Amino acid sequence: MDKSLVDERCITVSTIQKVLGGKWKIEILYYISLKTIRFGELQRQIGDITQSTLTKQLRELEANGFISRYIYQEIPPKVEYSLTDLGKSFVPVLEYMKKWGEENLS
């Protein structure tokens, strides 16, 4: 195999790992892929995640273009998260990972 092709693939995998690495990002994307969701509901769905960790992970996913955050101008503030086009393009990967897990990690 061509060494430059191998190097290119490693760079791509490395980049994906940097963008989506972390304990919670895949799970966060999974729940947001199901529907537009508010912070509190997302935290309840995940369960064992602190507010500060969820906030950090959401900010990183937003900065990397996977999710968008919509802030309603009301009191108390209401914030909803949804997938961007980039995030939606990742849904088939999430679905495949879920299927693979069901078949291989019983």
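This is a predicted model: local features need pLDDT of at least 70, side-chain atom pairs count only at pLDDT 80 or more; totals for chains, interfaces and linings use all residues.
Two packed helices are described by the angle between their axes and the distance between the axes. Here the pair consists of helix α2, residues 25–34, and helix α3, residues 39–46. Their axes come within 10 Å and cross at roughly 120 degrees. Angles of 65 to 115 degrees count as roughly perpendicular and those over 145 as roughly antiparallel; α2 and α3 are therefore oblique to each other. The crossing of α2 past α3 is right-handed.

The contact itself joins E27, I28, Y31 and I32 of α2 to L42, Q45 and I46 of α3. By class, these residues comprise 5 nonpolar, 1 polar and 1 charged.

Leaving aside residues up to four places away in sequence, L42 touches I28, Y31, I32, I37, L54 and L58. From L42 to I32 the separation is 10 residues in sequence and 7.9 Å between C-alpha atoms.

The view now widens to the core. The largest nonpolar core has 23 residues, of which I28, L29, I32, L42, L58 and I67 touch the most other members. At least two residues of this core come from each of α1 (3–20), α2, α3, α4 (51–63), β3 (78–83) and α5 (85–104). Helix α2 gives the most, with 4 residues. For L29, the contacts beyond four places in sequence are L20, L61, F66, I67, L83, F90 and L94.

Key:
Residues are numbered from 1 along each chain as its sequence is written. Side-chain values use heavy atoms; hydrogens and water are left out. Axes are lines fitted to C-alpha atoms, for helices over the stretch in contact, and angles run from 0 to 180 degrees between N-to-C directions. Angles under 35 degrees count as roughly parallel, over 145 as roughly antiparallel, 65 to 115 as roughly perpendicular and the rest as oblique. A crossing is left-handed if the near helix is turned anticlockwise from the far one by less than a right angle, and right-handed if clockwise. Contact means heavy atoms within 4.5 Å. Ala, Val, Leu, Ile, Met, Phe, Trp, Tyr, Cys and Pro count as nonpolar, Asp, Glu, Lys and Arg as charged, and the others, Gly among them, as polar. A nonpolar core is a set of buried Ala, Val, Leu, Ile, Met, Phe, Trp, Tyr and Cys residues joined through side-chain atoms within 4.5 Å. Buried means under 20% relative accessible area, exposed over 50%, partly exposed in between (1.4 Å probe, protein chains only).
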